[in-house]
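Student: Could you take me through the charged side chains and the packed interior of this model, slowly and with the terms explained as they come up?

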Amino acid sequence: MEDQLLCCEVDSIRRAHQDVNLLNDRVLHTMLKAEENYLPSPNYFKCVQKEIVPKMRKIVCEEQKCEEEVFPLAMNYLDRFLSVEATRKTRLQLLGATCMFLASKMKETVPLTAEKLCIYTDNSVQPGELLQMELLVLNKLKWDLASVTPHDFIEHFLSKLKIYPSTKQILRKHAQTFVALCATDVNFIASPPSMVAAGSVVAAVQGLYLKSQDASLSSQNLTNFLSQVIRSDPDCLRACQEQIESLLESSLRQAQQHGSTTETKRVDEDVDLSCTPTDVRDINI
């Protein structure tokens, strides 16, 4: 009898199961107390930076395919660094790559290597430069990399909602998308992670129309409930939710406009091959 080979597909990334013992109010209250220690200065563009402006901050990490928690953590490192250290705009890409490098070490199951990150920057950053900047960032952050991010709160909030596991999984993904979106916008720099997480959960619930399944998931009821959980004013949380929804609409509108512009350029290039583009595009990591 011939041996048969059994091919089993496994996830490329192995993760431990969520420890339910950590989803308690004592841990939540500890994070609420600690989150203020990791908030960057909201005015660093005016008070510290001379060359870097808000539009330069928007860093995209699509190519890296990071785990969900890495990007917001990297942006926290970047904002905290820029809050205390004046940086030339020519070194912003190096700083962004370095923050991604550190956040990956903290959160990813398989961290990004220095060589791979340099490839993602089209080799405009060398491994030696990355390692030198890593030491500078660590020094300026006083080696305190255990930042509290919105992702730390999402699971706590979801554990308090009476919804099916399958629904919770979809809701988690939507909330994480909102958190990543907020991490790219300068208007959320000074927002506490708990507020961003709660606003993202409420926005996700409304976007998925889960309010029709349970009255407790209506916008008002959920906002009142989560505002009590994070010890915040309901109006502040509602304003944060509306700001997140507005950011999503703006992002979608820009994506549609970019798509239309790309199609128009393709047509123009077919008609007149001698024309040259005069627009300047931002290069994001």
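Tutor: A salt bridge is counted where a side-chain nitrogen of Lys or Arg lies within 4 Å of a carboxyl oxygen of Asp or Glu, and by that rule the structure holds nine of them. The model is predicted, so local features need a pLDDT of at least 70 and side-chain atom pairs count only at pLDDT 80 or more, while totals for chains, interfaces and linings use all residues. Residues are numbered from 1 along each chain as its sequence is written, and side-chain values use heavy atoms, with hydrogens and water left out.

One of these salt bridges joins Arg-57 to Asp-79, with 2.8 Å between the closest N and O atoms. Arg-57 sits in the loop between helix H2 (44-47) and helix H3 (70-82), whereas Asp-79 belongs to helix H3, so the pair ties together parts that are 22 residues apart in sequence. Helices here are DSSP runs (H or I, at least four residues) numbered from the N terminus. Both Arg-57 and Asp-79 are buried, a word that means under 20% relative accessible area, with exposed meaning over 50% and partly exposed in between (1.4 Å probe, protein chains only).

Another salt bridge runs from Lys-107 to Glu-69, the closest N and O atoms being 3.2 Å apart. It links distant parts of the chain, as Lys-107 is in helix H4 (residues 92-107) and Glu-69 is in the loop between H2 and H3, 38 residues apart. Lys-107 counts as partly exposed at 29% relative accessibility, and Glu-69 counts as partly exposed at 30%. Glu-69 and Lys-107 also belong, with Asp-152, to a network of salt bridges.

Asp-235 is exposed, at 52% relative accessibility, and Arg-238 is partly exposed, at 23%.

Now consider Glu-35, in the loop between H1 and H2. Leaving aside neighbours within four places in sequence, Glu-35 is in contact (heavy atoms within 4.5 Å) with Val-148, Phe-153, Pro-192, Pro-193 and Ser-194.

Phe-153 and Phe-157 are both buried, and both lie in helix H7, four residues apart. Rings of Phe, Tyr and Trp (its six-membered ring) pair if their centres lie within 6.5 Å, planes under 30 degrees apart counting as stacked, over 60 as edge-to-face and the rest as tilted. The structure holds two aromatic pairs. In one of them, the rings of Tyr-44 and Phe-45 have their centres 4.4 Å apart and their planes at 35°, so the pair is tilted. Phe-153 and Phe-157 form a stacked pair, at 6.1 Å centre to centre and 25° between the planes.

How values were computed
Helices (H or I, at least four residues) and strands (E, at least two) are DSSP runs, numbered from the N terminus.
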